[in-house]
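Me: I have just opened this one and would like a walk through it. Could you put it up so that we can look together?

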Amino acid sequence: MANENKLQDIIGHCKEYGFVFQSSEIYDGLSAVYDYGQYGSELKKNIRDYWWKSMTQMHENIVGIDAAIFMHPTVWKASGHVDNFSDPMIDNKESKKRYRVDHLIEGHAETLPEADAKALLDEMDRLLAADDFSGLKDLIIKHKMKGQPNDSNEWTDVRQFNLMFDTEMGAVASDNSDDNKVYLRPETAQGIFVNFLNVQKTGRMKVPFGIAQTGKAFRNEIVARGFIFRMREFEQMEMQFFVRPGTQKEWYEYWKEARMKWHLSLGIPAEHYRFHDHVKLAHYADAACDIEYDFPMGFKEVEGVHSRTDFDLKSHQQFSGKKMQYFDNDLDENGKPYGNYVPYVIETSIGLDRAVMMVLSEAYELQDLSTEEKKDDRVVLKFPPMLAPIKLAILPLTKKDGLPEIARELMKECMPLFRCFYEEKDAIGKRYRRQDAIGTPFCITVDHQTKEDQTVTIRYRDSMEQERIPLSSVKQLVLDKIQMF
């Protein structure tokens, strides 16, 4: 169920504690574009690193690349994006507001009882699958849908809207703007496909094998909403896995299971996830599903797993005139080599920004700590230690008596291995609460007893329990807790 209050609380918390800021905020911001602050950028990097290591370092047959954002414009003709990368949109005649049709209908469904909402969404899926734009318009009018209060029940026809940003490359203007036109990539996958042979040959890769990439992508969304869930500039983490034709179904099932295991390894309960099979398949796919997470605004896609067939490589082969084939020496059931073929592809594609929002949504907790004597609460971000922006806070109890010197020495020892935070200001309780709010899993307090027996107090974020441990064991304790694998 949607929880708008929690979403607003998370947005406010991200602003207050340096996770996410509205882009160009001093100029009243830029719609659906966000900047990551000092803690948000660390969280984002940690998620990216965890994905990258789990996808490449932990697999013998998957390697990574970093392709350019700008690509030859024919790439996007071959991929189908120039002709097919669009969403149905509709305008309200009274308010002049433009909506993505599926978002408008989904928003209305959230106001209905569960059974009615399901029936409405099933009907939407059926109409979208049939490209029945007049039926979608009739559905909107029938249910008197509104995106905002001043919308009327008068709507334009539904029409397609291409989502790619384009610009011109080069310093010389041309009478024909198409001569210099280039696109900001709407996905990172095509950079992998056009480098398929480069990687296969230089890496001596043998099918099945994968190529992974992380990087920025850009989509001119009609209506971008949901904080960092849907943005016009975002980051993807994609892996394309090349397989022998005829084996794609088993590999599709394999990667569905493998990717769900990765999500569960973040410590998120299984009931917060679900698979959603696509009703309308993309032009390149023979199977597709989403891994959806229960965000504050309900279950939404965080990752897609797609069986892309051989569409991409064959299309680039056709448009470029270069063979995109692989010679397979393995023997078939008749004892003959499989020979030349264009591989099929299984894609896993996760939005990094959506993963950040997922981890924030799961971690955010407002706790009531009130007692009979005192009203109290705290906001805590229960990040998995491996993902936390700051792993260890080092807090001398006072600013004197040699305690800062001991704390600084511990800081010096730990800084090369993981992110630490040092603070002397305010009472120790206030300092603990600030660390809770940014999700620091461990706090070390250096006090006067430390000078006597070389022990410190460690405080655990989630339980708030404290214990004395040897000063010399702090570094290894934290290292053990933050290991990714």
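Me: Before going on, what kind of model is it?

Reply: This is a predicted model, in which local features need pLDDT of at least 70 and side-chain atom pairs count only at pLDDT 80 or more, whereas totals for chains, interfaces and linings use all residues. Residues are numbered from 1 along each chain as its sequence is written, and side-chain values use heavy atoms, with hydrogens and water left out.

Me: OK, and what is the strand order in the open sheet?

Reply: The seven strands follow the order E3-E9-E10-E16-E13-E12-E11 with mixed pairing, where two strands pair if DSSP finds at least two bridges between them. The edge strands, each pairing on one side only, are E3 (62-64) and E11 (273-277). Neighbouring strands are turned against each other by 25 degrees on average, direction ignored.

Me: How many bridges join E11 to E12?

Reply: Five bridges join E11 to E12 (residues 287-295), and the two run antiparallel; within E12, Ile291 is the bridge partner of Phe275.

Me: Changing topic, where does UniProt put the "binding site" feature?

Reply: The unreviewed UniProt entry places it at several residues, including Arg100, Glu187, Glu238 and Glu347; such annotations may be inferred rather than shown by experiment, feature names are shortened, and positions are given in the numbering used here. The annotated positions spread over 252 residues of sequence and, in space, up to 25.5 Å between C-alpha atoms.

Me: Take Glu238, then: is it buried or exposed?

Reply: Glu238, found in strand E10, counts as buried because its relative accessibility is 2% (buried means under 20% relative accessible area, exposed over 50%, partly exposed in between, with a 1.4 Å probe and protein chains only). Its side chain reaches the backbone nitrogen of Ala189 at 2.7 Å.

Me: And which side chain does Glu347 join in a polar contact?

Reply: Glu347, which lies in strand E16, joins the side chain of Gln240 through a polar contact of 2.8 Å, that term meaning a pair of N or O atoms within 3.5 Å where, within protein, one must be able to donate a hydrogen and the other to accept it, and residues adjacent in sequence count only if both atoms are side-chain atoms. Glu347 also touches Glu238, among others.

Definitions and conventions: Helix = DSSP H or I, 4+ residues; strand = E, 2+ residues; numbered from the N terminus. Axes fitted to C-alpha atoms, helices over the stretch in contact; angles between N-to-C directions. Contact = heavy atoms within 4.5 Å. Lists of a residue's contacts leave out its neighbours within four places in sequence.
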